[in-house]
Amino acid sequence: MNILICNDDGYQAPGLVALYEALKDLGHVEVVAPEQNNSAKSNALTLHSPLYVYQGLNGFRYVNGTPADCVHIALTGLLGYKPDLVVSGINDGANMGDDTIYSGTVGAAMEGYLFGIPAIAFSQVEKGWAHLDAAAVTARTLIQQLSQDGLTGASPWLLNVNIPSRPLDQIKDVRVTRLGRRHAAERVITQVNPRGQTMYWIGSAGRAKDDSDGTDFHATFQGHLSVTPLHVDLTEHAELSAWDQRLTKAVE
Ligand code: MN
């Protein structure tokens with residue numbers, strides 16, 4: 001099995017190192033990851049400045065770009081082969097509900113998916129890397145199961161996985177979930193810099209708004225491993241005919 005690993009926290013992040021160490025004997029495993037922390041960069045591609053690929057002292061290749069840049073470059077020329085699986089993470093903090101729209105961790109996996117490759121994004125629910133070893137073992141176990149079921153190296157799918165930050169024996173069994181919802185983000189934070197200019201810092205993500213049974217929030221609050229299958233079609237299918245009626249009427 002050929003596995004490409006990326007993340008959004010940067011090529012030196014503990015979550016990336018732990019994921020590589022957990023997966024490295026499952027096949028041929030390569031890392032191409034961002035040089036800097038690129039959290040919340042979603043699927044952004046760098047189109048107006050050059051990208052460079054460097055070799056880190058830890059053996060990982062890194063790019064002066066976004067998570068999606070890394071996977072894009074890897075799949076369109078750098079690797080020279082098509083991986084069987086693209087894995088992203090392990091992220092420092094949850095990517096649940098609306099987070100998935102912003103997440104660079106999900107963006108990296110989604111780039112693989114868009115190129116027709118099965119892909120998984122892994123995140124730890126709490127920031128700070130507590131019980132990272134347990135998260136890495138959990139990721140390995142899930143990938144082994146998917147591989148044994150013949151799902152890697154096959155038709156593309158995209159999974160968003162959130163792992164409770166707990167010791168391994170306290171991570172409960174898998175729940176296949178839907179995305180919950182968050183409230184809108186907290187207020188922007190302003191401070192005056194030493195030159196007297198006002199600085200704006202994006203506020204924290206909002207609290208959970210829909211954390212009902214069946215959501216990723218609910219499952220992880222209960223200590224379960226949450227796995228959400230994602231797709232990329234943003235069409236509001238249920239509203240197609242309603243909009244058709246409104247707009248057809250409007251132009252008549
Ligand atoms: Mn991140």
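Author: The cover over the buried residues of helix H2 includes E1, E2, E3, strand E4 (61-63), strand E5 (85-92) and helix H4 (104-114). Contact here means heavy atoms within 4.5 Å. Helices (H or I, at least four residues) and strands (E, at least two) are DSSP runs, numbered from the N terminus. This is a predicted model, in which local features need pLDDT of at least 70 and side-chain atom pairs count only at pLDDT 80 or more, while totals for chains, interfaces and linings use all residues. Residues are numbered from 1 along each chain as its sequence is written, and side-chain values use heavy atoms, with hydrogens and water left out.

H2 spans residues 67-78, and its buried residues are Pro67, Ala68, Asp69, Cys70, Val71, Ile73, Ala74 and Leu75. Buried means under 20% relative accessible area, exposed over 50%, and partly exposed in between (1.4 Å probe, protein chains only). Just after H2 comes glycine 80, with a positive phi of about 80°.

With a disulfide taken as a pair of cysteine sulfur atoms within 2.5 Å, the count comes to zero.

E5, one of the elements over H2, is mostly covered, eight of its eight residues being buried. Strands pair if DSSP finds at least two bridges between them. E1 and E5 run parallel and are joined by four bridges; isoleucine 5 has valine 87 of E5 as its bridge partner. E5 also runs parallel to strand E6 (residues 119-124), with five bridges, and valine 86 stands opposite alanine 119 in E6.

E5 is also part of the cover over the buried residues of helix H5, which includes H1, E6, strand E7 (158-163) and strand E13 (224-229) too. H5 (residues 132-148) has 17 residues and reaches 24 Å from its first C-alpha to its last, close to the 24 Å expected at 1.5 Å a residue. That expected span is 1.5 Å times one less than the number of residues.

A nonpolar core is a set of buried Ala, Val, Leu, Ile, Met, Phe, Trp, Tyr and Cys residues joined through side-chain atoms within 4.5 Å. The largest has 34 residues, and Ile5, Leu19, Val87, Ile120, Phe122, Ile143 and Val161 have the most contacts inside it. H5 gives the most to this core, with eight residues. Leaving aside neighbours within four places in sequence, isoleucine 143 is in contact with Met1, Leu23, Leu26, Leu85, Val87, Ile120 and Phe122. A second, separate core of 21 residues includes Val71, Ala74, Val106 and Leu158.

The manganese ion has Asp8 (OD), Asp9 (OD), Ser39 (OG) and Asn91 (OD1) as protein donors, lying 2.1 to 2.2 Å from it. Donors are N, O and S atoms within 2.8 Å of the metal (3.2 Å for Na, K and Ca); water is not among the atoms, so sites may look incomplete. Aspartate 8 lies in the loop between strand E1 (2-6) and helix H1 (14-23), and serine 39 in the loop between strand E2 (28-34) and strand E3 (53-55), so the pair ties together parts that are 31 residues apart in sequence. Aspartate 8 is buried, with a relative accessible area of 2%, whereas serine 39 is partly exposed at 34%.
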